[in-house]
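Hi,

Here is the structure I promised to pass on. Have a look first, and my notes follow below.

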Amino acid sequence: MRELIELLKDGHARTTKLLAIELGTSEADVKRQIEYGRNVRGSIKMSNLIVIVILVVVMFFAIKGSLKHLKGEGGCCGGGSEVKEPDKKLNGPVIKSKTFKIDGMHCENCANRVKRAINGIDGVSAKVNLRKKEALVRYEKDVDDSEIISAIEGQGYSVMS
């Protein structure tokens, strides 16, 4: 039967007649069925290609996000196994304290990143409360608030006040 179909694809009229007799139908029906089979196979190939392309795109973005996450470059949860950031000791007396409300912290690693960024500024020390989404900053010298806000926003978080 397959041999007959293959010969028919090559356009042999005699094969069309033989196949019609074999199937008990007309030559026109045989030609229609063969053409339909060609169209179905073509659309199946195209739909498979579309599904494969979609899967490749999804996998690309999933892998890209996972690598960013594993390197600790993501906006949240990068690393995951870090120990809590230690408190910074100020050398002089505290001259002022201010609380900054921070949006975008979701986990302990987020809080550690904010604390590390603020504690990297000379003359200030921070304690970050993840649950309240705020940082209490203590000053031992005059530091402009914009410097602290810039350090926090540089880590990908937003300062609300």
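Two strands count as paired if DSSP finds at least two bridges between them. Helices (H or I, at least four residues) and strands (E, at least two) are DSSP runs, numbered from the N terminus. Before the details: this is a predicted model, where local features need pLDDT of at least 70 and side-chain atom pairs count only at pLDDT 80 or more, while totals for chains, interfaces and linings use all residues. Residues are numbered from 1 along each chain as its sequence is written, and side-chain values use heavy atoms, with hydrogens and water left out.

On to the fold. The protein has 5 helices and 4 strands, and along the sequence they come in the pattern α-α-α-β-α-β-β-α-β. The 4 strands make an open sheet in the order β2-β3-β1-β4, with antiparallel pairing. β2 (124–129) and β4 (158–159) are the edge strands with a single partner each, so one side of each has no neighbour in the sheet. Inside the sheet, β1 (residues 96–103) and β3 (residues 134–139) run antiparallel and are joined by 6 bridges. Thr99 sits opposite Leu136 of β3.

The loop between β2 and β3 holds Lys133, which has a positive phi of about 55° without being a glycine. Most residues other than glycine have a negative phi. Lys133 is partly exposed, at 31% relative accessible area; buried means under 20%, exposed over 50%, and partly exposed in between (1.4 Å probe, protein chains only).

What about the cysteines? Cys107 counts as buried because its relative accessibility is 15%, and Cys110 does too, at 0%. The structure holds 0 disulfides (pairs of cysteine sulfur atoms within 2.5 Å).

Then the surface. The protein exposes about 11000 Å² of accessible surface, 57% of it from carbon and sulfur atoms (Shrake-Rupley with a 1.4 Å probe; for residues, only the protein chains shown count as cover). Met46, Leu49, Ile50, Val53, Ile54, Val57, Val58, Phe60 and Phe61 form a nonpolar surface patch of about 860 Å² accessible area together. Phe60 belongs to helix α3 (residues 27–71).

Cheers

Technical notes:
Patches are made of residues with over 30% relative accessible area and no salt bridge: like charges are joined within 9 Å, nonpolar side chains (Val, Leu, Ile, Met, Phe, Trp, Tyr) within 5 Å. A salt bridge is a side-chain nitrogen of Lys or Arg within 4 Å of a carboxyl oxygen of Asp or Glu.
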